[in-house]
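Let's take a walk through this one together, a step at a time. Have a look at the picture first, and then we'll get going.

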Amino acid sequence: MIDLKTAGCLALLAFNVNAANAAANVVSFQEPVKNYRSYLIEGIGQALAGARRLHDRAVAGDLQGAKAAWISARAGWERSEVFTAGFVPELDAQIDAWPNATSGFHAVETALFGAGRTAVEEYTTALVKHLDQLLGSLRDMPLAPQGLLDGAVRLAYEVGDSKADGGESRVSGTSLDDMRNNVAGISFAYRTIFAKSLQEADGKLATTVTMQLDRLIAIIGAPDLRRIDALALRRASEELVIALQSASNKLGLRRTALEPAAQ
Amino acid sequence: MTPRRFSIAALVLGVLGVIAYSRAVAFPVGGEQTALPPTTELNEDALDKPREVFKSEIAGAKSYVISLGDLAFNSPGILGGVARRGGVSCGTCHVNGTGNPKLFMPKMSTRPGNFDTTGPLFNPKADNFVLDPVRIPSLRGARYLAPYGHDGRMASLRDFVRTVIVGEFAGPEPSPMILDAIVAYIQDIDFLPNPSLGPGGRLIGRISESERRGEALFMKPFPHDPSLSCAGCHIPSGAFVDHRQHNVGSGGLFKTPTLRNADFNAPYFHDGRFDNFDQVVEHFDRAFDLGLATQDRRDLVAYLTAVGDGMQPYEHEGAGASLKEINSFTTVLGTAIPAGDKPVVSLAVDTIGNELRELTERYPDRKDTTVSGGEQQRGLARMALKELVLTLRRIDMAVTDGRTRDATAEFKNFRYLMVAAVPALLARAEPWSLFNPTVHDAHYAALWQVIQTTRASR
């Protein structure tokens, strides 16, 4: 039950979110989304293949092999995060729970990279099952352009969060890889689905988005997480989010709310 | 070296460090990919924070210059290299203008609460190749406490602040305006009021017998050198300092620290070697052959504790306190935007945005397995805070482009959200936030477990 005061607050925020939603164009994203679906299937496929290899290596007691497989699986997953949080939130929570995960990538990470043990069969079995389930549903799942833009915007914001504490994958030391794969996923989603339409609607804004993306990519090109200028990263992330939010209007989409629960 | 002027210089510091942060669950930096050394402890998750009392707020409100100084003091952007990348600001060590008794950095600290300002981490050029950490002092009442530095090497607070920024933390040369602002901020931080201290620094009111006896001992000349006494250096009528350096048998000349609010300033001595007043009194008894009986020591400790007290030393860290600070920082934008002051607007946007992002993390997202319930409330709180961050960024971009009118409109929107929407949304999400001690402890215990697992295997 939402009381009147909260409703008022929501109205204020909704005004903010929808403020730029005036001159919508009707754009068809059917073909670009088809291309993106292939990318998504490939990414989750890589995550699943890696998870299967991870399972096998862990069962064989091969710690180094299991670690390498975890990293490979993780890459495919992180590239797909534009999609996962918004479209399959339950699976996302099981696969990528944090911080004291009892399932998913981070439960395995703590065991392999933290404790140095390979007794993770329970986790890897569930991980394979969940990724398999996800992959199986991808071919026919409706992929609304609005949801994909929302995912890209939210992920772009998240990339700018402080990693001073070591970041999401601090135990394996692969948080920078997470960020790079996240940005690769954002970049692919934008360039595949939205760039052409935005170029037609507002060439200047399209150039700005591309420049912001390139700036973000350059910042996370640092040799390791410790070398990243946190303030510059945050600035680049926020400016990209703002540019993508402006783009939503030109593309005939709603401006993204930054949390799925508030959409 | 002639330690003739022995006095109870360090007698000062003291006590009750144990009360420091009541619910603090220490959370260190984890992993191997952090700008700060792994296992660094910043105590940023403490639920109780030192209370800040400002001189200017007694009569009215903080001026623009003081608010700007407060903002800069809490901005990693004015420091350089590792500090900037690691999110360290002046306020990391001097929490709300006091000390940080739990701060610990491997290879830079020898115990919680001290720090090597001439170590290799933050500015290799300033490295003296000796691990010689000094206690992180409280800045309460700093305007009464010249000279500055643990050894009192600088008469000017402004020179000292510049040395810390540029020399110790490799920051770029600060503008004169920023330097003046930080000095104004520090000079505005008051001691906590202590109703037991009367005119001339004498104890008044309901004073125990032990405290009275302690006060008499404090004034009494030392048996083997009547020219010395505790009060000779810790002058009660002068904020319990004499503005001089002394050798009290701790390895050099160090300035007399104040006793005011010292209950909350542990650890004690220049290097933080003592945890409490008992150890401090014992040191002076031994170093100056004072011949104190057990009861004498207790009485001195009771006196120091009475002098070092202060009203309401800590405040519970909740959304309200965070928003209050953010609102204070925001006043800077009210002046800087119309003036088109790009550097100050950028500094403010980066610093306030950082605070807002940190506040957002107090409302865990749905992937956090340590929190259940309140998903919608947490989501709305997070969304509202993120909207504020982006509104600030739009202000920064508009000012950079010379679009003052757009920046002003965005600022109006920001203030409106801060007043009308955000406090209510945060209040509704508070039961599921890290401001709730139960949620807080569960969250950090989980993180701690991950870190422990990692450490155990290395």
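Where in chain B is the place of B:P147? Look in the loop between β3 (134-135) and α5 (157-168) of chain B, and you'll find B:P147 there. A cis peptide bond joins B:P147 to B:A146, with omega at about 0°. Keep in mind as we go that this is a predicted model.

Chain A has a cis bond to show you as well: A:W98 and A:P99 are joined by one, and omega there is about 5°. For A:P99, go to the loop between α5 (89-95) and α6 (104-115) of chain A. Most peptide bonds are trans, and most residues other than glycine have a negative phi.

That brings us to backbone angles in chain B. B:F129 isn't a glycine, yet its phi is positive, about 60°. You'll find B:F129 in the loop between β2 (114-115) and β3 of chain B. Is B:F129 buried or exposed? With a relative accessible area of 73%, B:F129 is exposed. Next comes B:A239, a residue other than glycine whose phi is positive and near 60°. B:A239 sits in the loop between α8 (230-233) and β4 (245-246) of chain B. Its relative accessible area is 13%, so B:A239 counts as buried.

Now step back and look at chain A as a whole. How many helices and strands does chain A have? The secondary structure comes to 11 helices and 0 strands, so reading along the sequence gives you α-α-α-α-α-α-α-α-α-α-α. Chain A has 263 residues, and 56% of them count as buried. Take the contacts in chain A with a separation of 6 or more: 76% of them are between residues 24 or more positions apart.

Next, see where the two chains meet. Chain B brings 54 residues to the contact and chain A brings 58. The size of an interface is often given as the accessible area lost when the parts come together. Here chain B and chain A bury about 5,300 Å² between them, with 57% of it on carbon and sulfur atoms. Of the area that chain B buries against chain A, 16% comes from B:Q33, B:R357 and B:K367, more than from any other three residues.

In a salt bridge between A:E238 and B:R393, the closest N and O atoms are 2.7 Å apart. Which element of chain B gives the most to the side that touches chain A? The answer is α13(B), with 15 residues. Sort the residues on that side of chain B and you get 19 nonpolar, 18 polar and 17 charged.

Finally, head inside. In soluble globular proteins, nonpolar side chains tend to be buried together. The largest nonpolar core here has 154 residues, and A:F83, B:F122 and B:I352 touch the most other members. Leaving out residues up to four places away in sequence, the residues touched by B:I352 include B:L71, B:F329, B:L392 and B:F414.

Notes. Residues are numbered from 1 along each chain as its sequence is written. Chains are lettered from A and ligands numbered from 1 in the order in which they are written. This is a predicted model: local features need pLDDT of at least 70, side-chain atom pairs count only at pLDDT 80 or more; totals for chains, interfaces and linings use all residues. Side-chain values use heavy atoms; hydrogens and water are left out. Contact means heavy atoms within 4.5 Å. Buried area is the accessible area (1.4 Å probe) that two parts lose on being put together, summed over both. A salt bridge is a side-chain nitrogen of Lys or Arg within 4 Å of a carboxyl oxygen of Asp or Glu. Helices (H or I, at least four residues) and strands (E, at least two) are DSSP runs, numbered from the N terminus. Ala, Val, Leu, Ile, Met, Phe, Trp, Tyr, Cys and Pro count as nonpolar, Asp, Glu, Lys and Arg as charged, and the others, Gly among them, as polar. A nonpolar core is a set of buried Ala, Val, Leu, Ile, Met, Phe, Trp, Tyr and Cys residues joined through side-chain atoms within 4.5 Å. Buried means under 20% relative accessible area, exposed over 50%, partly exposed in between (1.4 Å probe, protein chains only).
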